[in-house]
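The following paragraphs lead through the structure shown below, from one chain to its partner. Please keep the sequence at hand while reading.

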Amino acid sequence: MLYTCPNRPKCHVSRPLNAMPISISDPATLVFQLNGEAVSIPASCSPQTTLLDFLRARGLTGAKEGCAEGECGACTVVMVRDLDGRTVYRPVNSCLMFLPMAAGQEVYTVEALAASGSLHPVQQSMVDHGGSQCGYCTPGFVMSLFAEHYRPGRGDGACDPHSMGGNLCRCTGYRPIRDAALALTAAPPDAFSRRLDAPAPPITAIASAHFSRPATLDDCLAILARDPDARIVSGGTDLGVESNLLGRAFPHLVSVEAIPDLRIFHETAREIEIGAALTLSEIEAAWKTAPAAFTEWLDLFASPLIRNRATLGGNLATASPIGDGAPFLLALDAAVRIAGASGTRTVPLHEFFLDYRKTALARAEILVSIVIPKPVPPIVFYKVAKRRLDDISTIAAAFSITLGAASRVTAARLAYGGVAPVPLRCIQAEDILTGSTWNRRAVQQACAAIAATLRPISDHRGSAEYRLALAQSLLEKFFYECSEAAE
Amino acid sequence: MSIMQTLVQTAARFKPDADPDPLIASKKYVGRALDRVDGRLKVTGGARFTAEYAPDDMVYAAPVFSTIAKGKVRRLDTAAAESSPGVIAVITPKNMPRLVTPSLTDFAKLDKIAASNLPVLQDDSVHWNGQVIAVVIAETHEQAQEAAARVRADYDADEGMVSFERNKDKAIMPKDVLGEPPEIKIGDAEKNLKSAPVQVDATYRSPYYNHSAIEPHATIAYWEGDDRLYVFDSTQWVEGYRNSLAHVFALNRENIRVMAPFVGGGFGGKAGFWWNTILCAAAAKMVGRPVKLALSREGVFRIVGGRTVAEQRVALGATREGKLTALIHTGLTVTPDHARYAEQCTFPTRHLYATEALHVAQYVVNLDMVANTWMRAPGESIGTFAVESALDELAVELRMDPIELRRKVEPARDPTKDTEFSSRNLIEAYERGAAEFNWSSRNLQPRSRRDGAWLVGHGVATAYYPALRFPGGARVRLEADGTAIVQAAANEMGMGVATGQLQHAADRLGLPLHCVEFDYGDSHLPTSPMAGGSCQTLSILAATRATVEKLHRELLKLEQKDSASPLKGAKYEDLVARDNGLFLASEPSRGVSYVEILRKAGKPYLEVEGVSSAPMEMMKYSMASYGAQFCEVRVNETTGEVRVARWLGSFDCGTVLNPKTAMSQLRGGIVMGIGMALTEEMLVDGRSGRIMNRSLAGYHVPVNLDVPRIDVLFNDIPDPQTALGAHGIGEIGITGVAAAIANAVYNATGKRVRDLPITLDKLL
Ligand SMILES: Cc1cc2nc3c(=O)[nH]c(=O)nc-3n(C[C@H](O)[C@H](O)[C@H](O)COP(=O)(O)OP(=O)(O)OC[C@H]3O[C@@H](n4cnc5c(N)ncnc54)[C@H](O)[C@@H]3O)c2cc1C
Ligand code: FES
Ligand code: FES
C-alpha cells in the first residue's frame, strides 16, 4: 500500500498571546497595515510581545526566530517609512520590535511577495541562483533584498549585497545569495513600486497604561514625571534584547518616535543638531555634508537592519562602554541637549558619561538632540572587532587632529570606547599633542600617556594588554596614514 | 577487533568487485546543475519547519537550566511558577514519567542514537552547567518562559571538573574511537623521529565550537492514547529518533512516528537525541495535549553539545628529500563520562600519507560538561588543522613547496588499513587547483608580499573525509500513468538530498524529471541512515538502485506474460531503462513503456521495496574524498586583523550529482571553516563550567562580508565502487580550511599560530 500522510496536521494557528494587556483608551489607534490588510493589535496583548511573535502566531511563519536579538535577520520584515522626504521600504528585525510600535505603520512580510501566485523577481533570483539550502534564513534575506530592490535612486543595475549584511546564513557560504542580488535589475513597475509614490504612514500618538507614544515633548515629559515605572524606548534595539533575552519587564514603555523635537536634523553655520530619535539610516540620508569618516563609522555599526531602527539617542543613553557612537562624537566635541521638567540644558558629551552605564540624565529627563559644533574637524574612526562586520567593538577609537602652521597641532581629540567603564577622551595624551609638532616623537609621547592613563578590562573580546596595545597602535596607524597621505 | 569482525573483513577483501554502475556512463540528469526542488517553497516562506506546526490545543514548554556543573538540586521551589498565569504543570524529577535511560550511539549497531546516556530528569543530580532541572508547561510560550524564570533551585554543589587546562593530567585512553582502535603503531615512530634529519614537533589547539544552525532545536509531540506518539522534530535522523524514543518510552517502534520535512540546518548538532525531544514527548504525555518545546538560542547553547576542545601533537621526521620516516599524531579531547565520544581527530592521519613509522593515539579527559557531539567533519576538521599545519611547518624546514611535499608523501596503499584506495586523485586535485589559483607565483619566503598596511600570504592544505555508506531501504511506486514516487525516511536539511535523489531516480528509471517525486522526512518511510557522516546520499543512492532493479525485474516478469512482447526472451541484464520504459540495450528500437506494461498487466500501479547490501566495499578499500584548499589571506600589521581574500577548493569527491547544490555545500563548508579558523569559539568559564557566550552576538559565525570569492573545482572522477561513482560531500568542505588559513598567515607574517581561532591578539 502506498503510504499516505494523513496525520501531518495542517497548521491552524490560534496561539493566544500573553497577558498584561495594553488596555488602551482608544483601541482604534492600535491598528496597522499588514500585507495590505488592516489588523488590530489585540488589547489583551502584552506590549512586550514582539512583532515577530505576533506574526507567527497569526500563521505568518515566513519570518523566523533564530536568535531573538537582532543578530541573524531570520525575522526580517519591511516597513514603509519616510526617508528624507521619500517613501521607502525599510527592512527591520521584527524580533526587536515591540508590537505596539507597529501601530499605525505598514508592514510587509515574505508572504506578501508572491501573493499573486508567481514569484517576485527577488524570489525568482534566489531560486535561480540557489540562494537557499536549509531555507531557514531565506525569507529574511528575501525581505532585505526586496527593500534594496525598490530603493529609490538605486538605478536599474545590480542590487547591493551589503544590503543583506544583517542576515546570517550558516549553510550556503553566502555566494549564491550574493549572486542572486547581483543578477537583479530594475524593480518592476508593480504595486510595490507604486506604493512608494504615496507618502509613508505618519507616526501617530498612542496613550495607554502600558505603552505610550506621545506626540510632543511636553506630553512625554509629563508622562515620565507622572509614572516612575515609565521607560523610554526609541528604536528598541537595546531594549528589545533586554526584554527577549534578559526577561526584563517594562511596565510602561514610552516611545519617543512621534516627537518632532527628537526627529530634527538642522545644520547651521555654527552647528549640526541631530534629533536623538533619528535612526542611523535617517541620519545617513539627512547629513549630506558628513565627513567620510561618518560613512565608515556607519558601515561598521551593527547591520543595515539594526541601523534602520537604532537611534543615536538610544546609543548614547544606553552608555555602553563599547558603544560606537560615543567615541566618534567625543572626537567631534559634541554636546547633548537634555530636556526635563525644569527646562533644557546642554551637556558636553565628555561630561555626559559618569560611570559604567551611568549618564548625566536624571530621572524623567530625556535626551533631545546631539549637537556637533562646526566646522567639523578632520576625523578618523577605527573599530577593531573580532568579526569584520556586525560585531561589537573590542576597542573603538576616533581621532581628530587639527594642524596649524609648521605642522603644529592646534587641537587634538583622542576618543576611545572599550578601554574603560565609560567611553572617554584621553586628555593627557591630547595635552601632549596640542602645541607640539605632529611628528613621530610627539606620537610616541602621546602613546606613553595613553599607556599610563587608560585602564582597560580583560574579557572574551580581548585582554587588557591587547586593548592597551591597540589603543596605542591605532594612534600610530593614524600617524602613518597621515604621513602617507601627505607624501 | 572481534573474531567476527576479522572474519567479515577478510571475506570482504576476497569478495570480487561488482561492475561499476552502468549509469555512470549513461546519466542524463545526474551531473546537471539543476535548481533545487524546494527552492520555491523556501523563498516564499511556505516551507514549514518544525516549530511552525500547530496541532489543536497545543501548549508550550520552557525548560529551567541548572546553574552549577555538578551536584544535586537540594530544593526546587516551584510554587511561584505553578501559580503563574497560564501554567498547566511544572515537571520535576518528582512527577516526571519514569523513562528508560537513553543508550549511547553504538556504531556496531547503528539503529538508535543518543549523545548522552544520562537519565532524563529522573533524579536530582546535576551533571553539567545548563542541564535541565525542570520544565514548565503553560498555555502560551511567553507564560511558560515567565514561569520558568520563577523556578528557584538550591543546590548542593560538588566541585565539578570543568577546566580543560587544569584536568589534562587526568587524561585516559578511551576503549575505542568510533569503533576503531584508539591507538595504532607501525614501527617505532619516536625512535625514527629522533634520528630524522629534519624534524617538526608541535602542539595544536582548538577551542569548543558550536554548530549554530540558524534554526534552533524544536519539537512538537502529541500522543494518541497511551501508546501512540507523534513527533515533529528538527532532527537529522527521523528513524534514529523514532527508535530512541521507542527505547526511552518503552513503546513499539511502529507506534511512533517522527517527522521532519524541513530542518533548518544541522551540521551534526541535530542528531544527538537531546533532552528537548525527550522532555517534550514526556510533557505531552503528562498533560495529555500536544506540546511544543522550541529552544531559545541560549537553550541550544546550554543543552546541545558542540565540538570538543582539542590539543593535538603532531611530530614529523623526514629525510631531506621530504620522505616521512616518522608520523606521530596524538590528540587529547574532552568528553563527559555520559557521552564517551572521543572526537576522531587522528583519523585523517591514519589514511593520508606514506610514512616509515606511524603512531596515532587518542586520549580523553572526562569533564562535567554537556555531551560533546559530532560537528561538521568531526575529527577530520580539527585533525587536518593539526596535521596539515605540521606538514606546512615541515615544508618550511625543508624549504620545499608544500605541494611538492604532498607529492613526496603520497602513499600507494592506505597506510594503516593496508588496502587499495577505491579512488584517490589527491595530487590531481592539487595540480588542477594550483594551476587555477596561480600557486606558482607564491613566494616561499614569509613576509615577502605586502599591499599597504596589509601583509599578503598564501596557504594550502589537504582536505579529507571518508566516503561512508550504510545499508538502507527505499520504496518505489510506479503509477499507471508512468509517473513514479521514490520514498525513503531521509532528512533534508538543505544539503540538496531531495534534488540529487530525484535526478538519480529519474535517470535510474529512464523517466523525465517531472514524472518523479521523492518523499522523505518521515520515520514511516523505508529506513535511511542518518543525515550525517556525509553518508546519506551514497546510502540512498544504493538503496534506490537496488529497489529500482527489483522493480525492473518485476516489470520484466509481468511483461513477459505477453507472448508478443518486444522484450520476449530478454534477461534483466539485457535491459536499459530510458524514454519512460525498458529497452533492449543491444537493439534500441525494441522496448516497451512502463504505461504499456502496467496496462497489459491490468495493474493500477506497481510498488516494490528494496534494501541495499552491506557496505563490503568499505572494508575492501580505503574510500574517501580528498581535496586541496588554497587561500590568500591579508593580515593588517597594526591591528592583527586577518581577512581571507580569495579561496579555491579543488575536490576529488567522485561523480558530482548536481554541481549547483554541490558547490553550495562545499562553499558553505569552507565558510564554516573560515569561522572555525578566525572567529568562532565557545568560551567556558573554567570555574563554573558555564558557557559564557551563549548567543549569536557572542559566538561569531561568519557574516556575508567575511566571505571572499570562493571557487570550487571538481575532479569529477567516478569511484568505481559506488552507485553513480558518487561520494557524499557534506563535510569535506570544512576540512583543511583552518590549516590552509594558518599556513597562509604564516606565509604572510612569518608567525605560526597553532592555537585557533587566529584572533587579532595572537598576531600583534
Ligand atoms: C545586533 C545588534 C548589533 C549592534 N551593534 C552595535 C554596534 O556595532 N555598535 C554600537 O554602538 N551599538 C550596537 N548595538 C547596540 C544598539 O543598536 C545601539 O546602542 C542603538 O543605537 C540603540 O538605539 P535604540 O534607539 O535602539 O535604543 P533603545 O533600545 O530604544 O534604547 C536604549 C536605551 O536608551 C534609552 N533611551 C533611548 N532614547 C532615549 C532618549 N531620547 N532619552 C533618554 N533615554 C533614551 C532607553 O530607555 C534605553 O535604556 C547593537 C545592537 C544589536 C541588537
Ligand atoms: S530572530 Fe535573529 S535577528 Fe531577529
Ligand atoms: S540556507 Fe540554511 S541558514 Fe541559510
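Among contacts in chain A between residues at least 6 apart in sequence, what percentage join residues at least 24 apart? The share is 67%. This value, like the others here, comes from a predicted model.

Chain A contains 15 helices and 19 strands. Taken along the principal axes, its C-alpha atoms fill a box of roughly 85 × 55 × 45 Å. The radius of gyration of chain A is 24 Å, which agrees with the value near 23 Å that a compact globule of 487 residues would have. Of the 487 residues in chain A, 55% are buried.

One element to look at in chain A is an open sheet of five strands, with the order 2-1-5-3-4 and mixed pairing. Its edges are formed by strand 2 (37–40) and strand 4 (86–93) of chain A, each of which pairs on one side only. On average, and with direction ignored, neighbouring strands of this sheet are turned by 35° against each other. At one end of the order, strand 3 (residues 76–83) of chain A pairs with strand 4 of chain A in the antiparallel sense, over eight bridges. Within this pairing, A:Arg81 has A:Val88 in strand 4 of chain A as its bridge partner. Helix 3 (residues 138–149) of chain A packs on the sheet, where it touches strand 3 and strand 4 of chain A. The direction of helix 3 makes about 20° with that of strand 3 of chain A.

Helix 3 of chain A also takes part in the surroundings of helix 4 (residues 175–182) of chain A. Helix 4 of chain A is mostly covered, with six of its eight residues buried. These are A:Arg175, A:Pro176, A:Ile177, A:Arg178, A:Ala180 and A:Ala181. What do the buried residues of helix 4 of chain A pack against? In chain A, they pack against helix 2 (121–128) and helix 3; in chain B, against helix 19 (659–678) and strand 29 (709–714).

That packing leads to the interface of the two chains. There, 74 residues of chain B are in contact with 70 residues of chain A. On the chain B side, helix 3 (39–43), helix 5 (141–148), strand 11 (256–259) and helix 19 each supply at least two residues. Helix 19 of chain B gives the largest share, seven residues. By class, the side of chain B that touches chain A has 31 nonpolar, 23 polar and 20 charged residues.

Two helices of chain B pack on each other as well. The axes of helix 12 (residues 380–398) and helix 20 (residues 737–749) of chain B come within 8 Å and cross at roughly 30°. The crossing is right-handed. Helix 12 of chain B contributes B:Thr384, B:Phe385, B:Glu388, B:Ser389 and B:Asp392 to the contact, and helix 20 of chain B contributes B:Ala738, B:Ala739, B:Ala742, B:Asn743 and B:Tyr746. By class, this contact has five nonpolar, three polar and two charged residues.

Why is B:Thr416 classed as partly exposed? It has 19 other C-beta atoms within 10 Å, whereas a residue counts as buried at 20 or more. The C-alpha atoms of B:Thr416 and B:Arg350 are separated by 5.7 Å, although these residues are 66 residues apart along the chain. Leaving aside neighbours within four places in sequence, B:Thr416 is in contact with B:Ile184, B:Arg350, B:His351 and B:Leu358.

How values were computed
Residues numbered from 1 in each chain as written. Chains lettered and ligands numbered in written order. Predicted model: local features only at pLDDT ≥ 70, side-chain atom pairs only at ≥ 80, totals over all residues. Axes fitted to C-alpha atoms, helices over the stretch in contact; angles between N-to-C directions. Helix = DSSP H or I, 4+ residues; strand = E, 2+ residues; numbered from the N terminus. Left-handed = near helix turned anticlockwise from the far one by under 90°. Contact = placed C-beta atoms within 7 Å. Nonpolar A, V, L, I, M, F, W, Y, C, P; charged D, E, K, R; others polar. Pairing = 2+ DSSP bridges. Rg over C-alpha atoms; globule rule 2.2 N^0.38 Å. Buried ≥ 20, exposed ≤ 12 C-beta atoms within 10 Å, placed from the backbone.
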